[in-house]
Amino acid sequence: MLGPVIHERLSNPEFQPFTLVLANGERIDVGHPDSVTLPSIEVRGKRFFSPYLNVLQTDNDAVIERVISLPMIAQLVERHGLNGSH
């Protein structure tokens, strides 16, 4: 499961944009850590994650909230290049 990887990416003070690749092939760009939330709690030294993460995306003037099941995330891909390309 990618919960720990996503959590580390979002909490890193030197955030690097990345792309979530879903099991259906859809790609979701994450350009800022505030656009994704992944609830978690630490109990007796072990971190437990919510089975879902929330993503806020913009489409022209609209803001869209997506709720994505963690098992639906097939891959996390780093974004490289000056224009955010992969």
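A salt bridge is counted here where a side-chain nitrogen of Lys or Arg lies within 4 Å of a carboxyl oxygen of Asp or Glu, and a search of the whole structure under this criterion finds 3 salt bridges. The structure is a predicted model, in which local features need pLDDT of at least 70 and side-chain atom pairs count only at pLDDT 80 or more, whereas totals for chains, interfaces and linings use all residues. Residues are numbered from 1 along each chain as its sequence is written, and side-chain values use heavy atoms, with hydrogens and water left out.

Helices (H or I, at least four residues) and strands (E, at least two) are taken as DSSP runs and numbered from the N terminus. An open sheet is formed by 3 strands in the order β2-β1-β8, with antiparallel pairing, where two strands are said to pair if DSSP finds at least two bridges between them. Its edge strands are β2 (27-30) and β8 (73-78), each of which pairs on one side only, and the twist from one strand to the next averages 20 degrees. Strand β1 (residues 18-22) is joined to β2 over 4 bridges in the antiparallel sense, and Val21 has Arg27 in β2 as its bridge partner. Helix α1 (residues 3-11) packs on the sheet and touches β1 and β8, its direction making about 35 degrees with that of β8. Contact in this sense means heavy atoms within 4.5 Å, while axes are lines fitted to C-alpha atoms, for helices over the stretch in contact, and angles run from 0 to 180 degrees between N-to-C directions.

Arg47 forms a salt bridge with Glu42, for which the closest N and O atoms are 3.3 Å apart.

Residues are described as buried under 20% relative accessible area, as exposed over 50% and as partly exposed in between (1.4 Å probe, protein chains only). Glu78, at 40% relative accessibility, is therefore partly exposed, and Glu26 is partly exposed with a relative accessible area of 29%. Arg47 is partly exposed at 31%, as is Glu42 at 49%.

Val43 is placed in strand β4 (residues 40-43) and is partly exposed at 35% relative accessibility. Together with Ile41 and Phe48, Val43 forms a nonpolar patch on the surface, with about 260 Å² of accessible area in total. Patches are made of residues with over 30% relative accessible area and no salt bridge, like charges being joined within 9 Å and nonpolar side chains (Val, Leu, Ile, Met, Phe, Trp, Tyr) within 5 Å.

Most residues other than glycine have a negative phi. Arg44, in the loop between β4 and β5 (46-49), has a positive phi near 50 degrees and is exposed, with a relative accessible area of 84%. Asn60, in the loop between β6 (52-59) and β7 (62-69), has a positive phi near 60 degrees and is exposed at 76%.

Conventions. Accessible areas come from the Shrake-Rupley method with a 1.4 Å probe; for residues, only the protein chains shown count as cover.
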